[in-house]
Amino acid sequence: MSPTRRAAVERALEQQHLLDTLLTEQDGLLSVLDRVLALSGTARLIRDAAGADAGFVADIEDPGTAVIRWLAGNRTDALQDIAVPVGQGVGGRVLASGESVRVRDYVSASSITHQFDWVIRQEAMAAMLAVPIIGERPDGTATVAVGYAALRGPGEFGDRAVDAVTDVAVEAARALRLAEQAEAGRQTAVAAERRRMQASLHDSVGAMLFSIGAQVRDLRSTLVDNPLLRARLGRLEADVSAASQALREALLALSEFTPERALPIELAEHCRSFEARTGVPARLVQLGDVAPLDSERTNLLISAVREGLLNAEKHADAGAVVVSLGAVDEGVQVAVADDGTGAAGGSGGSGLGIRTLAERAARLGGRVSLVYDEDGGTTLRIMLPYPPTPGGRR
């Protein structure tokens, strides 16, 4: 093997190891992280960062209302599960403005309403600071939770405390994004497994019940002179029919999933099929929620993933493939990245499959790119805007 070829192989192996390590770390993080863990830990972090006596976090559970769920340093349970409507108290002002709010003495402050003074008195709190925890949504950013810090003795929160608590809120928002990705991945995996179970039960148990029912009917038709046996076979046929109906209902229940889950389930299935066919690990990484798409856009994104996986199978000599799905630029983006040799680069991205994808995407206002890494690896990326709304806006 030439020195150049040996160096290229060593780089490819190193990149494969790096990719495997990153994927393993991500799987471990997403498997243990959830929204409750993220926000319950945030209450303690806010208290410590602000040098406060107490910290607590309210989750946005209904539009315009935050509910205090997680506390650190509290003396009573009075704050637990308090609903804070927009505009009321310190947290309500944060919901209304999307900015941090602080008061030197809660019960005497003229800048806030005082529906919750009785709770604050029970906790003997004075100075209070609240900051928004900002999350990303398909249509922009929004306050997804509110973090509070409170003092019981004399004192107030200065700019340094505001900055420290804001930093914690930024980290909490990042943790929530990871938690949402983890939940999306879990839902996709569960739905994909349900689909596989549905197909397996249909092909095995369904076929078996059909065969038994057909044989029972044949036996009944031949036993014209044995009424007793015919009656028993009739009951058996009825039982088989009831079992078949129960199976159909179970298969229908297994197949039910919401439209927004349809696309990730399909992509996960293509990854599984690719891995089973080639032995090359292929994983779907969902980067947040994606709004439901019409059939034309859904089918185009699925076609793009099939094309990317086919290129990796035929040309890339890849050690691993990652398919990512996420919302971006008021639309949806899917990428198929491999760590192969980039052998497909000779076509310059002008293959018929890529050209066809690019033309179809352009008709919908989207775009397709195929990028070859100098050190090996190929990424096929497709972005499609969301369909226009009935009013004509996207």
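Author: A salt bridge is a side-chain nitrogen of Lys or Arg within 4 Å of a carboxyl oxygen of Asp or Glu. Here, Glu313 and Arg277 make one, with 2.9 Å from N to O.

Reader: What kind of model is this, and how are residues numbered?

Author: It's a predicted model, where local features need pLDDT of at least 70 and side-chain atom pairs count only at pLDDT 80 or more, while totals for chains, interfaces and linings use all residues. Residues are numbered from 1 along each chain as its sequence is written, and side-chain values use heavy atoms, leaving out hydrogens and water.

Reader: Where do Glu313 and Arg277 sit?

Author: Helices (H or I, at least four residues) and strands (E, at least two) are DSSP runs, numbered from the N terminus. Glu313 is in helix H8 (residues 295-316) and Arg277 in helix H7 (residues 259-278), so this pair, 36 residues apart, links distant parts of the chain.

Reader: Are Arg152 and Glu123 buried or exposed?

Author: Buried means under 20% relative accessible area, exposed over 50%, and partly exposed in between (1.4 Å probe, protein chains only). Arg152 and Glu123 are both buried, and they form a salt bridge with the closest N and O atoms 2.6 Å apart.

Reader: Which residue does Asp294 meet in a salt bridge?

Author: That's Arg297, at 2.6 Å from N to O. Asp294 is partly exposed at 28% relative accessibility, whereas Arg297 is buried at 6%.

Reader: How many salt bridges does the structure hold?

Author: Nine. There's also a network of salt bridges linking Arg44, Arg47 and Asp48.
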